[in-house]
Amino acid sequence: MISDITLGQFFPGYSVLHKLDPRTKLILSVIAIVAIFFANSAITFIIFTLGAVLLIAVSRISFSVIVKGIKPILFILLFTAILNVFMTGGEGEPLVDFWIFRIYTEGIVRAVFMALRVMLLIVVTSMLLTYTTSPIALTDGLESLLSPLKKIGVPVHTFAMMMSIALRFIPTLVEETDKIMNAQKSRGADFSSGGLVKRAKALIPILIPLIVSSFKRAEELATAMECRCYRGDVGRTKLVKLEYKGRDLLWILLVALVAGAVITLSVLPYNPESYGVLYDILFYKI
Amino acid sequence: MNEILKLQNVTYIYGRGTPFEKVALDNVSVSFERGKITGLIGHTGSGKSTLVNLLNGLYKPTEGRVLLDGADIWENPKEIYKVRYRVGLVMQYPEYQLFDETVRDDIGFAPRNLGLSEREVAERVEEAAAFVGITEEMLNKSPFDLSGGQKRRAAIAGIVAMRPDVLVLDEPAAGLDPKGRREILGGLTEYVKERNSSVILVSHSMEDMAHYCDNVVVMNNSKIYGVGTVEEIFSESEKLSEVGLDSPAVSKIAAELIRRGIPLEGELYTVGGVRDALLRYMRGGAL
Amino acid sequence: MNDSIIRVENLTFVYDDGEASLTNTEENRGVKDISLDIKRGEYVAVLGHNGSGKSTLAKLLNMILTPTSGKIYIDGVDITAEDFSEDGIYDVRRKVGMVFQNPDNQLVATVVEEDVAFGPENLGLPREEIRRRVNSALSKVGMTSYVRHAPHKLSGGQKQRVAIAGIIAMKPEVIIFDESTAMLDPLGRRDVIGIMEQLNREEGITVINITHYMDEAARADRVVVINDGTVVMDGKTRDIFSKVDTLHSIGLEAPQGNELLWELNNAGVHIEGEGLTSEECVETLYNFLQGKTSRK
């Protein structure tokens, strides 16, 4: 069911993460994304994972929600991981050598790192953005961050307005689709049997009414907005003004520190001969 | 008994096993008769929309059975679509279901789904169109070129064309002016007589209920609050107002006159009925 | 002293064929030679059946449509004058607020308070002022406890109350309700009508309720009946609804009390008196019947 997917959904709350300025969270996400692509050794992933755990802890979003969010992509993750295990060549003796399969240590390490990287990417961005930031705040944040582009004629405000209206109407349209489906079912329409062509054709009685009504909605909404003196961002003020607070700076520093550590460690050369097994495990690089 | 559709101890629970679980219908038993128009009234959230969706198998009862001519409609869940041809449901604001190129094709959608021959489809379309007052000229138009009232009638024709044994209409006159209301509701009495079918009418308008229905089912709080003839239901306006429903203004006028000692008798829920009662009283008693 | 807030002289509007779009067929009825004078603080119902041109009139009054000919004065200013400025349009729209039929299609934001703030934001008001207006508007419509709610989770009546708050927050002089109760259930309707009347009585806002429900029109002080794009009746509510014949001839009805007296009249029983409300009708009938019996 559509409603079971938690990825990309907003969970209202009052945690520090919820209270952060959306722009801060956007900036933090960018920093985190850069850092995760640098990560290339056990120590860097450990540091990063600790950071992610910290985010989850302060967000007060339950762990099961996060697991649920990852579930839909688990299959793809597993599939690519397995490919990595088999496809990665390595130096020295393979761990397994059977028929055409050769598995090297490098392959396993690479697969684990890859899976971790994707998982952390999803966890961190959803913790920072979708789970803890309302769509409208996200839109405001984007508009504000991109506002320098207005100077070169990019209609940033219009795009932001379009995005927020789209977000506003998604639930309305979902509800409407449901209603139209029931109405057509009541006229004997069948959406669940037959081949691909038949099923595609069965969608026409749903899509056309949906499109027609969306046009009508758009027209009525436009009139209503005009009646409320809307004229783009000309002389427009805002109820909610985005303001950086102390905690925003604090979080940027904190995340920059973690990211800095990850990046620094990832670019330091690995020296296999010098420091023993623990060093090898932590700092071995792919 | 002449009953055609029957709910037997039906309970319906939304979102079972989720935090949003809600009992929408609580052990409801009610039956609908052939040759009668039954009104269904109740507040938003009283359970009447759920009940409507259970009648033609859009929802499946959590417990209990829905019987059509004595047979459980969920006997064979794969064939539930057959029930939808026999219990025609006109949903609220049905004009949003219009999609085909011409009104003719749109009304023919259900008959075609029934697998009828083109000749039979054409026959059904003509019949249904004539019934709701859609002219030959309108049949050739795009449904989107019709006026609001015409669209509504075309959409109703799309259900009538299935020749259902039970016709369920959810607020068929919502948003229409008095003329539009009369055009749509006026045809129902004929429909019932001609087909000996059963009509179930959901409406917020007590005046319409009083005018067009034979029986009334009152719902409140996921349960049946009262069942009776129009006269029985509307003569007890206090009971109705207990659940926040009104009776027609004219029946309140009659009730107040009776309270003040003027003995009126007859159909005291329509303007015509009260007029006749007053005339009888004046001729017999006072004059 | 001229206290008319809206004055319309010989207003005509004809739709171009081009405007008969996919989505706009029913209300494609123009208006012909309408003259009206609405006083500040009045509570007026505009009654007419679907497609009578009543919604067109509303859209002309706040400059969503431009008249083909005729004059419109809002608060004494001729908004149809050739030199009427662009900025003037926004002033007119602020003064003449509109609440439409479909509650879903007039809410812009994903949070109630941000939706109410939309109008004041467009007016460029300072943030503290917007905040003040949002709070006061929401409390006037009884939706304060829903500030942070998502509009799509509200009932139809609640959505409409939010839409009204969005208009109140612009501090209008006139609010036009364009069939604003047509899609609501009885409870929602009652709430919206209650708010209309409260705004009229307590805030002194001129209320124009465009409707085809005669029971709603019966509550106004004045009724204007529109048919085929022209004003066919205009007067005190009481007087309009006693002319049952005329109403029937254009496909409208009167409240049941009026209808009952009229039916009795047709049956040869002439009764003098009021029948607008059920109470009045009972009074009239009772007195009449008492008179009959005492004479006997």
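Domain bounds come from an automatic or database domain assignment. The model is predicted: local features need pLDDT of at least 70, side-chain atom pairs count only at pLDDT 80 or more, and totals for chains, interfaces and linings use all residues. Residues are numbered from 1 along each chain as its sequence is written, while chains are lettered from A and ligands numbered from 1 in the order in which they are written.

**View 1. The domains of chain C.** Chain C splits into domain 1 (4–251) and domain 2 (255–296). Their centres, taken over C-alpha atoms, are 35 Å apart.

**View 2. Where domain 1 of chain C touches domain 2 of chain C.** Domain 1 brings 8 residues to the contact and domain 2 brings 6. Two residues are in contact if their C-beta atoms, placed from the backbone, lie within 7 Å. On the domain 1 side, helix 7 (214–217) and helix 8 (237–242) of chain C are the elements giving two or more residues. Helices (H or I, at least four residues) are DSSP runs, numbered from the N terminus. Helix 8 of chain C gives the most, with 4 residues.

**View 3. Residue classes on the domain 1 side, chain C.** This side has 4 nonpolar, 2 polar and 2 charged residues. Ala, Val, Leu, Ile, Met, Phe, Trp, Tyr, Cys and Pro count as nonpolar, Asp, Glu, Lys and Arg as charged, and the others, Gly among them, as polar.

**View 4. The contact of chain A with chain B.** Chain A contributes 16 residues and chain B 19 residues. On the chain A side, helix 7 (156–185) and helix 9 (204–227) each supply at least two residues. Helix 9 of chain A gives the most, with 6 residues. By class, the chain A side holds 8 nonpolar, 5 polar and 3 charged residues.
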